[in-house]
Amino acid sequence: MKDSHGVIIIFNPELPSHLKEIEMWYSCFVQQQPLLDSQCLLVAHHKPGSAGDTENLSLAYPLNKLKLIHSNLEEDPEDVRMEFIKYFRSIINIINESREREEMSIIS
């Protein structure tokens, strides 16, 4: 957890126990670290052949304000890949901005 820049939490939305577990993971890996919500990505992974409901997944606060993507690698692997790329780009931007601020504070 030390010096992490982002957190990806992958869970099975069809298991009610996972919905409770992700609250714990969020608390440990995001809230207790100096991470912003924008540095967290939730992935609701639907098993192949499951009739996963991607529209009516309701998450408790504060999870409901995080970026959430639904993945099913049989149906939309390219969409999932593009979402991961967007997430990693946002993390790289945050790291670069932080580094620039640190360098400017050293110069000043």
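**Surface, fold and local features of a predicted model**

The protein exposes about 7400 Å², of which carbon and sulfur atoms supply 55%, with accessible areas taken from the Shrake-Rupley method with a 1.4 Å probe, and for residues only the protein chains shown counting as cover. This is a predicted model, in which local features need pLDDT of at least 70 and side-chain atom pairs count only at pLDDT 80 or more, while totals for chains, interfaces and linings use all residues. Residues are numbered from 1 along each chain as its sequence is written, and side-chain values use heavy atoms, with hydrogens and water left out.

Q: Which pattern does the protein follow along the sequence?
A: Helices (H or I, at least four residues) and strands (E, at least two) are DSSP runs, numbered from the N terminus. By these criteria the protein has 2 helices and 3 strands. Read along the sequence, they follow the pattern β-α-β-β-α.

Q: What share of the contacts with a separation of 6 or more is between residues 24 or more positions apart?
A: A contact means heavy atoms within 4.5 Å. Among the contacts in the protein with a separation of 6 or more, the share that joins residues 24 or more positions apart is 73%.

Q: Is isoleucine 10 buried or exposed?
A: Isoleucine 10 is found in strand E1 (residues 7-11) and, leaving aside residues up to four places away in sequence, touches Val43 and His45. Residues count as buried under 20% relative accessible area, as exposed over 50% and as partly exposed in between (1.4 Å probe, protein chains only). Because its relative accessibility is 54%, isoleucine 10 counts as exposed.

Q: Which kind of aromatic pair do phenylalanine 84 and phenylalanine 88 form?
A: Rings of Phe, Tyr and Trp (its six-membered ring) pair if their centres lie within 6.5 Å, and planes under 30 degrees apart count as stacked, over 60 as edge-to-face and the rest as tilted; by this rule the count comes to 3 aromatic pairs. Phenylalanine 84 and phenylalanine 88 are 4 residues apart in helix H2 (residues 77-107), which means that about one helical turn separates them. With 6.2 Å centre to centre and 25° between the planes, this pair is stacked.

Q: Which residues form the aromatic cluster?
A: Phenylalanine 88, a partly exposed residue with a relative accessible area of 43%, belongs to a cluster together with other aromatic residues. The members of this one cluster are Phe84, Tyr87 and Phe88.

Q: What is the omega of the peptide bond from tyrosine 61 to proline 62?
A: Most peptide bonds are trans. Proline 62 has its place in the loop between strand E2 (40-45) and strand E3 (67-71). The bond from tyrosine 61 to proline 62 is cis, with omega near 5°.

Q: What is the phi of aspartate 3?
A: Most residues other than glycine have a negative phi. Aspartate 3 is found in the segment before E1 and counts as exposed at 60% relative accessibility. Its phi is positive, in a residue other than glycine, and is near 65°.
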